[in-house]
Amino acid sequence: MKPGFEPGITRELSVVVTEDMCPAFDDVVVHLVYSTWSVAHHFELAARMVLVSFLEDEEEGVGSHVSVDHLGPCPVGRTVRVRAVLTKVWRDHHTRVVCDVTAHDGDRLLARGRQVQVVMNKEHLRRYLERS
């Protein structure tokens with residue numbers, strides 16, 4: 001990891017809710033609101049933004065956990081602000097990175113959760129994936 005990767009680093013992204021972000025089952029949209037799986041996807045993106053500029057050339061981040069408490073609806077056309085904050089970095093076999101993540105519609109909290117990434121050597125990861 002590059003220097004400066006410390007808890008407190010924050011990254012944000014804004015997304016406008018579109019119909020393809022709505023919950024759909026068997027290709028039928030059931031509600032014209034921001035889906036939980038879209039929240040999870042955007043949590044992953046925001047947490048990746050925290051990590052990516054601190055990776056060395058030989059390193060890669062791999063998602064290992066995401067949790068979402070989806071607290072309220074957000075209709076199509078609204079802008080959602082997703083914020084990831086680095087809260088913990090520790091090393092066991094690999095470096096693990098924890099971000100607390102939130103989604104807001106204006107001042108209203110839509111969702112909160114956590115995302116964890118494992119930082120691995122790219123060559124080690126390549127060999128691991130080939131065995132799978």
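1. Tryptophan 37 is partly exposed, since its relative accessible area is 43%; here buried means under 20% relative accessible area, exposed over 50%, and partly exposed in between, with a 1.4 Å probe and protein chains only. The model is a predicted one, in which local features need pLDDT of at least 70 and side-chain atom pairs count only at pLDDT 80 or more, while totals for chains, interfaces and linings use all residues. Residues are numbered from 1 along each chain as its sequence is written, and side-chain values use heavy atoms, with hydrogens and water left out.

2. A search of the whole structure for aromatic pairs finds two. Rings of Phe, Tyr and Trp (for Trp, the six-membered ring) pair if their centres lie within 6.5 Å, and planes under 30 degrees apart count as stacked, over 60 as edge-to-face and the rest as tilted. Because phenylalanine 5 lies in the segment before strand S1 (10-16) and phenylalanine 54 in the loop between helix H1 (36-52) and strand S4 (59-70), the pair ties together parts that are 49 residues apart in sequence. Helices (H or I, at least four residues) and strands (E, at least two) are DSSP runs, numbered from the N terminus.

3. Phenylalanine 5 counts as buried, at 8% relative accessibility, and phenylalanine 54 also counts as buried, at 14%. The rings of phenylalanine 25 and tryptophan 37 form a pair with centres 5.7 Å apart and planes at 80°, so the arrangement is edge-to-face. Phenylalanine 25 belongs to strand S2 (residues 24-25) and tryptophan 37 to helix H1, so this pair ties together parts that are twelve residues apart in sequence. Phenylalanine 25 is partly exposed, with a relative accessible area of 49%.

4. Aspartate 26, found in the loop between S2 and strand S3 (28-29), has a phi near 55°, a positive value in a residue other than glycine. Aspartate 27 is placed in the loop between S2 and S3, and its phi, near 65°, is likewise a positive value in a residue other than glycine. Aspartate 26 is exposed at a relative accessible area of 76%, and aspartate 27 is exposed at 82%.

5. The charged end of lysine 88 sits over the ring of tryptophan 90, 4.7 Å from the ring centre; this description applies if NZ of Lys or CZ of Arg is within 6 Å of the ring centre and within 35 degrees of the ring normal.
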